[in-house]
Amino acid sequence: MTNDNVIVTQALRKFYGTMEAVRGLHLSVGRNRITAFLGRNGAGKSTTIKMLLGMVRPSAGTGTVLGKQITDAEENRELRRRVAYVAEDKPLYGYMTVEQTIRFVRSFYCDWRADIEKRLLQDYELPLHRKVNTLSKGMRTKLSLLLAFARCPELMIVDEPSEGLDPVAIEHLLQALVARSAEGVSVFFSSHRIAEVERVADQVCILEKGRLLVDASMDELRQFYRRIDLVFSSLPPECEFQISGVERIQTSGRQMCVFASSNADAVIQRAHEWNAVSVEVAPVGLREIFLKTVEGN
Amino acid sequence: MFLKLTPTTGQPLYLQLMQQIRHAAETGALKDGDQLPGIRTLAEELLVSPNTVVKAYSELEHEGLLELRHGSGAFVCVKRRTRSLADQMQDARRRIRDLIERLRDDGLLEEEIRRAFEAELLYPAEVVRKR
């Protein structure tokens, strides 16, 4: 399967002092797919991304990006040539103008796409002659995105791309992501914006406290995650519903709410065996999946 | 053709896309020989992963509703079967309309009817048969 994956990590760990930021992470990111990396603040997303790019040294474990060992300095340099990265804090030189920044960055890469540079400059309405340190947060984000999108990498790793962007700019960002993906670029991006992830992602990974809790395709999530609301004349014991696929059960009075990641039909069956008065099945959106997963942990 | 996907419902986007294209062919909004947008164009327009469009197109090709010509795009091929399906759909809608009318007469509210329909649709087929 390694050939089909652009990122693979095995038992990747990172300690900052005694704080364990990433706890034995097994991650695989598929080629030619858009993979979203979700998690609360401090879940370990940025640390993981920095380990992939050789900016932070793992405490233990291994990983490859595009088949190259991330902990080998030489191989890591090689892989970074083939990866475009947008950092969370969008570091830029404040004393340069927008135009100087683009010219400066362009000189480092032989895969630069002048057509995309031109199109994004137009879409983003960036002021060419303003100094970077006078730009708003959203403008800085746009400039950082332009610098990554205008390359022709095999893989894009984007940390929080939508930070500070207005809805129109987010629309442009998603369009650019989709366009690059259609050209065969694999995309790995972290985001807090559930609604945009839900549209555009093929695969979703949810990280919490340095561990991967969910790794599933959006199709699977849509098809199998269900919330089943039950009403009984007398409530059966909760353990009767703790079957495979059931993630959480909440009860209140004669009502029971079952949150299942699969196997909803078995839950419904069980509910009928216990003579449920009412059975309601509803699909679960990514937002609820995220909250339930993260809170339940 | 106007396509509209709902990311929050419990149905994969490629299935939604397939249904809407099928529906457009059944109602005649899409005619035999019509060309659909390219994968990249449609993905950008709908803001979904290109893989979603690829999957929908190739499944529809498998069903015989689309013909994918390499390099030149996707073309609709409507057969006779689709026509009779259009009649079937019209008939189904008529029956559903009647049923809803009766439920309204029984005093059920719009929202309650909607919930009942959605709940029944989400029941797995085997469970329904056993009931």
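1. A:Cys239 counts as exposed, because its relative accessibility is 52%. A:Cys257 counts as buried, at 11%. Buried means under 20% relative accessible area, exposed over 50%, and partly exposed in between, with a 1.4 Å probe and protein chains only.

2. This is a predicted model, where local features need pLDDT of at least 70, side-chain atom pairs count only at pLDDT 80 or more, and totals for chains, interfaces and linings use all residues. Residues are numbered from 1 along each chain as its sequence is written, chains are lettered from A, and side-chain values use heavy atoms, without hydrogens and water.

3. For A:Cys239, the nearest cysteine sulfur is that of A:Cys257, 18 Å away. That is too far for a bond.

4. Now the helices. The axes of α3 (residues 98–106) and α5 (residues 137–149) of chain A come within 10 Å and cross at roughly 25°. So α3(A) is roughly parallel to α5(A), a term for angles under 35 degrees. Angles run from 0 to 180 degrees between N-to-C directions, with axes fitted to C-alpha atoms. Helices are DSSP runs (H or I) of at least four residues.

5. Which residues make the contact? From α3(A) come A:Val98, A:Thr101, A:Ile102 and A:Val105. From α5(A) come A:Leu143, A:Leu146 and A:Leu147. Contact means heavy atoms within 4.5 Å. By class, six residues are nonpolar, one is polar and none is charged.

Methods. Helix = DSSP H or I, 4+ residues; strand = E, 2+ residues; numbered from the N terminus. Parallel < 35°, antiparallel > 145°, perpendicular 65-115°, else oblique. Nonpolar A, V, L, I, M, F, W, Y, C, P; charged D, E, K, R; others polar. Disulfide = S-S within 2.5 Å.
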